[in-house]
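Here are my notes on this model, as numbered points. Please read them with the structure open.

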Amino acid sequence: MGGPDVGETPKTAIFPLSLACLKAALKEHEVRVFDANLYYEPHQKLTQLLRGFSPDVVAISLRNIDSTNKLKSVFYYAYLKETLDVIKAGTDAKVVAGGAGFSIFAREIMVDEPRLDYGVFLEGENVLPQLIDNLNEPHLVPSVFYRKDAQVCYTFSGAVPDFDTLPLPDRSEMTIELYSDGAVGVETKRGCPLGCVYCVYGFLNGKRLRLRSPGKVVDDIQHLVDDFGVKRITFVDSIFNMPLEHAEDICDELIDRRIEVKWSAWFTEKGLTRQFVDLAVEAGCSNIIFSPDGFSNDCLRQLGKNIKMKDILNAYTIVRDLEGVEISYNFFKNPPGQSLDNFTSTLAFFIKAKAQMGNRVHFEFNTLRIEPHTRLYNLALSQGVIEATGNLLYPAYYSSPETAYTEKTFNTLLSLKKIALR
């Protein structure tokens with residue numbers, strides 16, 4: 001597949017790792033990959049591709065339903081409907097949906113969008129090849145939604161794949177050079193044993209950590225560096241330094257092979273040491289991302305975080321003076337357990353960090369998106385924030401009822417910041 005014309009590519013495009021993983025799993029089939037995010041006019045490009053390739057099956061990966069910041073919220077699900085318009089106008093191919101966003105709302109999406117013939121539930125590397133080989137008998141394939149007599153049916157749940165035995169992503173012919181610096185992702189593990197109340201990772205990938213061997217992880221990175229000239233990557237794990245020994249082995253392998261690549265990753269503050277941070281920096285880490293989400297022990301407890309304030313402050317002390325390394329923090333504007341004291345403490349931490357680290361530190365303040373399969377969903381129900389009959393496919397947000405004014409204040413401050421930067 002050819003790339004976009006010069007000047008057409010948005011510089012913020014993120015490389016679609018899931019498509020590269022599926023491409024690697026479909027070695028027995030002829031595959032073309034199309035990333036609509038690379039084009040300002042994607043429908044015209046997609047139409048051209050469909051006419052030239054004439055596929056039997058079109059598989060759509062829906063990673064997110066929407067963004068989580070009300071100030072700049074984007075409802076990505078609407079693009080699925082527009083894409084289906086193009087596909088159905090240009091081909092008779094069967095259409096399969098999958099991806100994290102789809103899996104969270106699989107049955108709802110299948111009911112809402114009858115033009116989808118099949119849905120792949122959860123991880124697709126083992127499922128999609130089987131489905132393509134059994135389109136007329138989808139009931140034989142695990143983890144598949146399909147239609148029978150105008151009804152949406154589900155087959156049965158299959159085994160979780162051994163992540164270390166899955167093939168490495170196939171990024172060939174996917175024009176990596178067109179993506180943003182640092183926008184190419186690398187997985188070191190799947191699964192998350194943590195219990196954050198808002199998070200769907202445990203539902204999507206299971207609570208058990210499934211590790212990819214450090215040698216294979218670094219093989220993937222070396223391929224990106226040697227064959228594609230990639231200079232910066234992002235580890236897309238929910239937490240990179242958990243388990244710690246696995247992260248250390250990856251860093252050691254990068255150092256031993258003398259691979260020159262910069263990278264970013266999400267770190268947990270719990271148990272963070274200067275020794276490990278120094279190792280990560282030596283291995284190429286240039287951006288440490290923390291997501292404490294709340295800034296009091298009560299907020300952290302109600303958010304289901306496995307850290308306390310002492311962990312946040314200790315980690316801050318470790319990274320504060322790291323030269324040449326960017327530090328990022330993610331917080332929610334008004335999480336469960338919020339109080340006026342917590343709100344002012346968060347602002348004070350923001351001001352202190354900016355004063356001490358300047359442009360080297362970045363903050364993101366988001367709104368809690370309520371999703372099914374989470375404890376936040378149950379909390380929102382109990383507090384009357386949502387109703388049991390509501391359709392969460394269309395976004396609903398959580399803001400602690402007693403302190404809703406803090407979110408409004410955050411939104412005002414963020415708007416003023418944007419005006420000041422113009």
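**Notes on the predicted model**

1. Start at the surface. A patch of negative charge brings together E245, D249, D252, D256 and E282. Note that this is a predicted model.

2. Which helix gives the most to the negative patch? Helix α9, spanning residues 244-257, does, with 4 residues.

3. Take D256 as one member of that patch. D256 sits in helix α9. Its relative accessibility is 62%, so D256 counts as exposed, the cut-off being over 50%.

4. Now the overall fold. The protein chain has 15 helices and 15 strands. Its radius of gyration is 22 Å, and the globule rule gives 22 Å for 422 residues, so the chain is as compact as a globular protein of that length.

5. Along them, the C-alpha atoms of the protein chain fill roughly 60 × 55 × 45 Å.

6. On burial, 51% of the 422 residues of the protein chain count as buried.

7. Is N411 buried or exposed? N411 has a relative accessible area of 17%, so N411 is buried, because the cut-off is under 20%. This residue belongs to helix α15, which covers residues 404-421.

Conventions: Residues numbered from 1 in each chain as written. Predicted model: local features only at pLDDT ≥ 70, side-chain atom pairs only at ≥ 80, totals over all residues. Heavy atoms only, no water. Patch = residues over 30% accessible without salt bridge, like charges linked within 9 Å, V, L, I, M, F, W, Y side chains within 5 Å. Areas by Shrake-Rupley, 256 points an atom, 1.4 Å probe, with all protein chains shown as cover. Salt bridge = Lys/Arg side-chain N within 4 Å of Asp/Glu carboxyl O. Lys, Arg positive; Asp, Glu negative; His and termini not counted. Charge placed at Lys NZ, Arg CZ, Asp CG, Glu CD. Helix = DSSP H or I, 4+ residues; strand = E, 2+ residues; numbered from the N terminus. Buried < 20%, exposed > 50% of the residue type's maximum accessible area, 1.4 Å probe, protein only. Rg over C-alpha atoms; globule rule 2.2 N^0.38 Å.
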